[in-house]
Amino acid sequence: MGVTVLQPYPMPEGKSGAHIIDYLGKRLLSLGATHAGQFLVDCETFISTPQPHNGTPGRAVHVLHNSEYPASTFSIIDSGTGKQVSLVADSIFDLLMLKMTNTFTSKKQTKIESRGARFEYGDFVIKLGSVTMMEHFKGILIEIEYKSCMILAYCWEMIREMLQGFLNINVSKDFPTYFATQTIMTAMGQQQLHAKHNDLYEPTDTVKQYLEQFTNYRKHVSMHGSLSGTSGIQQPVHMSSSPVMGAAGGLVLIRS
Amino acid sequence: MSNSVNISVETTCENQIREIGYDGTELYQPPPTLSESLAKCAARIDFSKTSLDDLKKEEKTAAAAEEENKDGTQFQESLWPWDAVRNKLKDALTEICVLSDVISIAKDKRYLVLDPLLEEGDDTKPIVQVYSRKKAISQAAQVLLSGAERLRNAHSEQRSRNVSDFHIELLRLRQNWRLKKVSNAIIGDLSYRTAGSKFGMSGTFEVTKAEEASDDDSTSTSTTSSTATNNGMQMKASSALRVIVPAELQGVAYIKVITQKDQEDLCTAQVNLMGHGPNITAQVGVWQKTLEFAQNVLFCKELFAQLAREAIQLQAPIPHVVIGNQIRATLLPNIQLIISLCHSTTFDSNQPAPINDHDHVLEHSLHQLLREVHYKNSHHPFPHPASAPLGPTKKRMLAGPMAADRETLLDMTKSQTILEQIIAQAQHIFMRKRTQYVLDTLARDVKDPQIVSHWNAMNSPTMSCVKINIVTHGYDAIGRTSLVIHVKERSLKCICRDGRVMRLSYEPQELRDLILCQINSHQISCLVSLARCMAWTVLSNSNHLGIGKVEPLGNASSCLLASPNGDRMIAVQIRCDPQIDVKVYIARSPRQDFFPSPLVPEKLWENLGGNFKEVKFDKIEGKSFLNKMEFLMASLTSNTA
C-alpha cells in the first residue's frame, strides 16, 4: 500500500478506447512489466429522498469498491456544501445500503466504473482502466502506485517521471489537484494552510481521487448532454504539445 | 403516642329487594320496625338452655329453622315470634311445676326417697402415676436408643469396611468423568468431544457393579486392575464397580518421535498424556487408571490419524511416507523424522522404560498443537457480531474497516498443519543442536581468541538467537568482535557488528568457515587497536588481500605497522588455511645492507627501508597472538629520539 496517483489519459481523436489500452499495455510489457490480473473500481451514488425544499441538492452517498482492497467498501457522503465525510467499512455495508431505500434512492444511471488490466513493474503497480458509465465508454484513467513510499512529497518526481515515460504525455510539475494545498479550519477556528502532499497516504485517498475523477466524467456527460457549448471544464487534464524540459532527463520522449 | 382515630361505622342501609317489576322498578322490603326487631330478638331466647355454648348452638339451629320457616309462612311474621316466646315460657313453667312436684313428693318420703351416695376414695395414688410415667418414658427411650444404635452401626461400618460401596465409588467416578444413565446401564464418555475434538472414534465406556466372585482372567480390565496392583501401588485390591472400555481403546499407547540420521537414532521423543497430571490414583479406585489409559489411547489415535491424513495431503519436496503406524518425513538431507504410534494391549510390567533422551519439547508441542486444533474448533474468536458470520479471526474482521490489501488478506489465509509445524520445530531443534555443536567444537579447538557464545533464554519453537563474542584473553578492552546468529528451521542468518547480513544454509561447515573468517578479521582489528595503544603507527591494513596463493577459505588479511621512531616496520599476514596461519615480518630502516653502488651512490638511500625478514612467530614468548605482538612491538620500540 503506497502512494497512488490517478492520471486521466487524454483521448486522441479517431482512436478507440480499446486500441489505446492495447497500445499502452504493449508499451508496459515491453518495458518489462508483468501482467498481474485485472482490477475494478466502481462507484454507485445514492441521493437522499425527500429532496429538501430550499432547492439545494440533497445529500449524496457514494459507495465505492476497489478490487485492491477486496474486503472493504468505501463510502463518501457529499453534502451539497462540498464537505465530504468518508468511511471505510466491511463488505456487509452494501447490504446495509439496501435497507436504506427509504432515505436514499440509488441513481442507477450514474453507476460508473473503471476496469482493466493491472501491471506490476518493480515497486510500481500500474493499472490501465477504461471508464464506463452504463456501458458507455467515457475515457481512460491510469492509476499508478509506488509501493515503497507513503508520502507523496517524497516520490512525486519519480512517479511523474515514470508516467511521462511510458504514457508519452506531459504531466505538470505541480502536485495533482487532489494533493494541492488547501485551507482548512483548525479546531480553534483559525484558517490554516494544509499541504496534503506531506500527509501519510491512506487507501481512502485513492478512493477519493477516483470519486473526483468520476464526478468529472459525470459532469462531462451532463455538460455535453445539455449542449452548453463551450464550458470551462472540458478535459480534466492539459495536454500541451510544447517541448518539455524532459529532454535533459533523457527518460522522457515527447513526440509532437 | 397513639392518636385516637375516629372511625365511623355505618350500615349499608340497603334493604332487601322483595320484588322487581316488569318495568324495572324494585320493591324493597321495608326495614323491620322496632317492634319487629324486638320480636325477633325475643324469639331467639331459649328458656330451656342456660349455658352459653348451648345458646350458641341453639342460635345456629334457630337460624336454620327460621330460614326454612320463612319460605312458608311469610304473612304470619308479626304473630310468630311472640308465639315462640309464649311456647318457651309455657315449657319452662311446665318444667318448674314438675320440679316442684318432685321435690314435694320427695319431701313426703312416701313415694320417693332421696338417699345420699357414698363417696369413692381417690384410687390413683401418686406412686402409680410415677410408675406409669416411668414405663412410658422407658418405652420412648427404647425407641430412641434402637435408632441411635442403628446409626452408630452404620457409621462404624462405613469407616471400617474393606469393601467400598458401589455408590461412593460411583460418586467419585462422576466427579472425574461424564456419566449418564441410559435405561438400565450407566454409560460414560471419555472422549474429547466436549473439548472440541471432531474425531470419529467414540469413547464410551460402561459402568457396572463388580461381581463378588473373583473372575480375573476374563476381562482385560480386571487384568489391568490386578496387574496394576502388582505394580506395587498401595491400592484397594478390588473395587465395587467395574468399567468396561471399548476393545480398541484398551491397553496403553504412546506416540514415539525419533529423529534418525542414516539409521542412527539421534534423539527420540515420546508423546504421552500420562504422568503429567496430579497423582490421584491412590485415592480412587482402579478404574481411574483404566479410564486414563483409555483416554490416552484415544488421544494418541486421534493425533496419529490427524498426522497421517496431513502427511498424505501435503506436497513436500521429498514426499512423506506413511506405513502402518509410522510416518516418515524428511527434515534435512539424510535426516528423517519418524513418528510412530505404539499401542500395546498387554500391560507387561517389564516394558522398557521410556527412552532416556526424552524430547520433552516435541512431546509437549504435539500435545499442544492438537489441543490448539480442538480449541479452535470450539471457540470462535471475538468479536461475535450479531449480523456477520461467526468464525473469522479478529484480524480478518478488522481487515474490512482497515482497508487491508490483497497481500495481507492472502497472508491471513495461510495456515500450517500440525505435521508442518512439528517438522519445522524438529528441523529447528536439529539446526540448533548442530549450531551448538559447531560453536562448542570451535571454542574448544581455537584457543587464541576465545569464542564466547550467549544463547537467548527466550526463543520461539522455530527460531533461536545466539550472540557470539570473539575476545582475546587479557585484551578485552582492546577490541572484541561480536555477531548475532539467528537459527531458523533450515538456515542461519548471521548479522555482524558492521551491519553485514549473511545467510547460511544448514551445512555446518559454512558456519565454521564464517567463524574462522571472523577470527581472522578480529585478530587484525585488535592488532590495529593495540598498535595505537603502543604508539605504533598503522600504515595500512586490509581485510581482503589478493596476493599469494588462492586461499581455500576467505581472504588473507594483513596489517602494516611502523614504530614510533619510524625505524622498524612490522608486517602481519593472517590466512585461514583452514587453520589460522600467521606470518609476521619485520624490517628495519636504515637498512644494514646498503652499500653505495655506482648506480645509487648517496648514503641517504639507506633510509629507504630494508627487506622484510620473517619472524619465527611460534617461538616468540606470549600466550596469544596479541600478547606476542605486544612483546614484539615492545622489543622493537627504541628510545632514540
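The following legends describe close-up views of a predicted model. Residues are numbered from 1 along each chain as its sequence is written, chains are lettered from A and ligands numbered from 1 in the order in which they are written. In this predicted model local features need pLDDT of at least 70, side-chain atom pairs count only at pLDDT 80 or more, and totals for chains, interfaces and linings use all residues, while side-chain values use heavy atoms, with hydrogens and water left out.

**View 1. Overall make-up of chain B.** Chain B contains 13 helices and 21 strands; these are DSSP runs (helices H or I, at least four residues; strands E, at least two), numbered from the N terminus. Of its 641 residues, 32% are buried (under 20% relative accessible area; exposed is over 50%, and partly exposed lies in between, with a 1.4 Å probe and protein chains only). Among contacts in chain B (heavy atoms within 4.5 Å) with a separation of 6 or more, 57% link residues 24 or more positions apart.

View 2. B:His374 belongs to helix H8, residues 360-378 of chain B. Because its relative accessibility is 1%, B:His374 counts as buried. The side chains of B:His374 and B:Glu302 are joined by a polar contact of 2.9 Å (a pair of N or O atoms within 3.5 Å; within protein, one must be able to donate a hydrogen and the other to accept it, and residues adjacent in sequence count only if both atoms are side-chain atoms). Apart from neighbours within four places in sequence, B:His374 also contacts B:Tyr192, B:Ala195, B:Gly196 and B:Ser197, among others.

**View 3. The five-stranded open sheet of chain B.** The strand order is E17-E18-E19-E20-E21, with antiparallel pairing; two strands pair if DSSP finds at least two bridges between them. Strands E17 (537-545) and E21 (613-615) of chain B stand at the edges with a single partner strand each, so one side of each lacks a neighbour in the sheet. On average, neighbouring strands of this sheet are turned by 20 degrees against each other, direction ignored (axes are lines fitted to C-alpha atoms, for helices over the stretch in contact, and angles run from 0 to 180 degrees between N-to-C directions).

View 4. Strand E18 (residues 556-562) and strand E19 (residues 568-576) of chain B run antiparallel and are joined by six bridges. B:Ser558 stands opposite B:Gln573 of E19(B). Helix H12 (residues 508-533) of chain B packs on the sheet, where it touches E17, E18, E19 and strand E20 (580-588), at about 165 degrees to the direction of E19(B). Helix H13 (residues 625-636) of chain B lies across E18, E19 and E20, and runs at about 165 degrees to E19(B).

**View 5. The interface between chain B and chain A.** Twelve residues of chain B contact 16 residues of chain A. The two chains bury about 1000 Å² between them, 54% of it on carbon and sulfur atoms (accessible area, 1.4 Å probe, that two parts lose on being put together, summed over both). Two residue pairs are in polar contact between the chains, both at pLDDT 80 or more. On the side of chain B that touches chain A, helix H9 (394-399) and helix H10 (406-413) are the elements giving two or more residues. The largest share, three residues, comes from H9(B).
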